[in-house]
There are 2 protein chains.
Amino acid sequence: MKIEKEHLCHGGRLLYCSHDSQATKTSMRFSVFLPPQATKGDVPYILFLSGLTCTEDNFTTKANAYQNAAKQGVAIIAPDTSPRGDDVANDDAYDLGQGAGFYINATQEPWDAHFQMEDYIIKDLLPLVEGELPLLPRKSITGHSMGGHGALTLYFKYPSLFQSCSAFSPIVAPSQVPWGHKAFRAYLGDDQAEWQNHDACALVSKAQDASDNAPILIDQGKADDFLEGQLKSHLFADACQNAGQALTMRMHDGYDHSYFFIQSFMDDHIDWHVGYLS
Amino acid sequence: MKIEKEHLCHGGRLLYCSHDSQATKTSMRFSVFLPPQATKGDVPYILFLSGLTCTEDNFTTKANAYQNAAKQGVAIIAPDTSPRGDDVANDDAYDLGQGAGFYINATQEPWDAHFQMEDYIIKDLLPLVEGELPLLPRKSITGHSMGGHGALTLYFKYPSLFQSCSAFSPIVAPSQVPWGHKAFRAYLGDDQAEWQNHDACALVSKAQDASDNAPILIDQGKADDFLEGQLKSHLFADACQNAGQALTMRMHDGYDHSYFFIQSFMDDHIDWHVGYLS
């Protein structure tokens with residue numbers, strides 16, 4: 001792990017890091033905020049997964065997360081959204097290829113060579129940061145849009161790994177919306193039964209003991225241009241109710257899909273997770 | 001004035017605006033945050049002037065200002081740092097031309113045609129926003145780096161206009177540092193006596209009744225790579241002491257020149273100004 005840049009921020013350390021990933025066979029980047037409390041001992045952390053087109057920088061510069069993270073004594077890790085590089089497959093569209101990894105392992109050519117983002121997060125990134133940084137293994141997961149899909153699906157796929165889960169404006173049913181159709185067909189192929197293994201609504205429906213999970217917090221703007229066509233958050237509310245998964249879904253008048261929305265409710269998500277991490 | 005984009009943020013309205021400036025003879029851009037209280041009546045505002053290379057977007061996305069502005073009921077205006085366009089003079093360097101207007105009126109060709117940033121701020125922008133937005137005429141001024149120079153110099157040039165002044169990492173003595181030499185020679189010519197009219201250290205030294213001014217707040221990172229060569233904040237501390245200008249200058253161990261520094265102390269600056277605006 002190489003520290004590329006470091007800034008002092010709200011009394012904590014903000015690091016931009018790179019490392020070689022076995023899963024993606026590329027160099028990967030992420031940011032980490034270590035609160036002041038990390039100088040005295042290991043701290044719990046929150047993993048934030050970003051949305052389409054984002055790098056590790058969008059959350060880091062725009063989400064207003066570090067003031068409250070410093071106050072609460074929680075670290076935050078924000079990885080890039082895909083492998084990148086001239087040797088990595090790509091697509092001209094913003095919603096496929098580099099910047100659009102969808103936090104799954106691709107099985108189809110040419111994507112399977114590097115787009116192994118689920119393994120990257122679970123097998124490479126988390127062990128790396130827990131081994132090299134002053135972090136407890138206690139962690140929670142959140143994310144935005146495509147990263148909200150990542151947070152929800154990884155929470156259900158690895159039920160013992162995360163203490164709690166939340167999301168901003170998540171894609172909750174990729175099997176039922178254009179963004180998901182396009183990405184899953186490219187990365188996973190045409191077998192829609194396989195898609196269900198990476199769809200938050202499908203995963204919660206077949207989860208063992210969903211009623212034992214911590215409640216999930218979702219914030220969604222009602223003026224979000226993607227709500228009707230791509231996000232369809234009501235599908236997840238229905239699926240959680242049927243599965244017995246506790247859910248706090250807040251629908252906010254006037255808020256859109258941007259980081260101005262995310263920053264407006266970021267403190268609440270940090271407080272929410274700290275309640276389960278402490 | 002045209003609203004180009006609008007986002008709800010912390011319960012307030014964040015607008016990106018454009019308008020035609022008589023001073024610069026170009027279209028100019030700025031952002032404005034209107035706190036929730038502005039729906040009930042006019043509110044005071046803070047003018048934030050950005051640094052070299054910035055547009056109106058850097059502060060707007062990175063400074064973490066709006067949570068506290070919403071709480072305190074104060075608006076914030078963040079203009080672009082220069083005129084822009086294919087017909088506007090420019091330089092390949094980052095510290096001259098577009099993105100580097102220095103908040104002064106150029107007298108030298110080719111810059112004098114459009115680089116009239118002092119007149120732009122004072123004669124175009126402030127009357128515009130006070131006329132078209134729910135703002136009181138009560139306002140304060142702050143800024144970062146080149147924008148800190150802008151805040152300090154405009155505060156001394158127009159002593160009745162602003163209730164209070166603060167700065168992050170300001171250029172305090174442009175007549176004595178490379179950034180200022182280069183810009184002032186290009187925009188103002190070789191007469192260094194004229195430069196003194198746009199130099200915060202010189203202006204406070206000749207200010208009438210500086211002891212009647214509100215105290216000035218300056219935050220400066222001690223790990224700022226520009227501190228020694230370009231900022232020289234101690235020169236302003238000395239000049240204020242000699243002139244009787246009250247100054248709170250805080251030197252912060254470990255902090256650099258970035259927006260991660262600015263965001264760390266933004267709440268303090270908003271609180272500081274609100275104390276004079278209320």
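In which loop of chain A is the place of A:Lys232? In this predicted model, A:Lys232 belongs to the loop between α8 (227-231) and α9 (233-243) of chain A, where helices (H or I, at least four residues) and strands (E, at least two) are DSSP runs numbered from the N terminus. Although A:Lys232 is not a glycine, its phi is positive, at about 50 degrees, and with 24% relative accessibility the residue counts as partly exposed; buried means under 20% relative accessible area, exposed over 50%, and partly exposed in between (1.4 Å probe, protein chains only). A positive phi, near 55 degrees, also occurs at B:Asp209, a residue other than glycine, in the loop between α7 (200-205) and β8 (216-221) of chain B.

Residues are numbered from 1 along each chain as its sequence is written, and chains are lettered from A and ligands numbered from 1 in the order in which they are written. Local features need pLDDT of at least 70, side-chain atom pairs count only at pLDDT 80 or more, and totals for chains, interfaces and linings use all residues, while side-chain values use heavy atoms, with hydrogens and water left out.

Chain A contains ten helices and nine strands. Its radius of gyration, taken over C-alpha atoms, is 17 Å, close to the 19 Å given for 278 residues by the globule rule, so chain A is as compact as a globular protein of that length; the rule is 2.2 Å times the number of residues to the power 0.38. Of the 278 residues of chain A, 62% count as buried.

Chain A can be laid on chain B with an RMSD of 0.0 Å by a turn of 180 degrees and a shift of 0.0 Å along the axis, and the two copies are thus related as by a two-fold rotation axis. The superposition is by least squares on the C-alpha atoms of residues with pLDDT of at least 70 in both copies. Because 100% of the interface residues of chain A are also interface residues in chain B, the copies meet through the same surface.

The loop between β5 (75-79) and α3 (117-132) of chain A holds A:Trp111, which is buried, with a relative accessible area of 7%. Contacts (heavy atoms within 4.5 Å) link A:Trp111 to residues including A:Asn90, A:Asp91, A:Ala186 and A:Tyr187. A:Asp80 also lies in the loop between β5 and α3 of chain A and is buried at 2% relative accessibility; residues that it touches include A:Arg29, A:Glu56 and A:Met117. The loop between β5 and α3 of chain A is likewise the place of A:Pro110, and the peptide bond from A:Glu109 to A:Pro110 is cis, with omega near -5 degrees.

The largest nonpolar core has 69 residues, and those with the most contacts inside it are B:Phe102, B:Tyr187 and B:Phe236; such a core is a set of buried Ala, Val, Leu, Ile, Met, Phe, Trp, Tyr and Cys residues joined through side-chain atoms within 4.5 Å. Helix α3 (residues 117-132) of chain B gives the largest share of this core, eight residues. Apart from this core lies another, of 68 residues, among them A:Val43, A:Ala100, A:Phe102 and A:Cys240.

Helix α10 (residues 259-277) of chain A bends by about 50 degrees at A:Phe265, the bend being the angle between axes fitted to the seven residues ending there and the seven starting there. Of the 19 residues of α10(A), 14 are buried.

Methods. Lists of a residue's contacts leave out its neighbours within four places in sequence.
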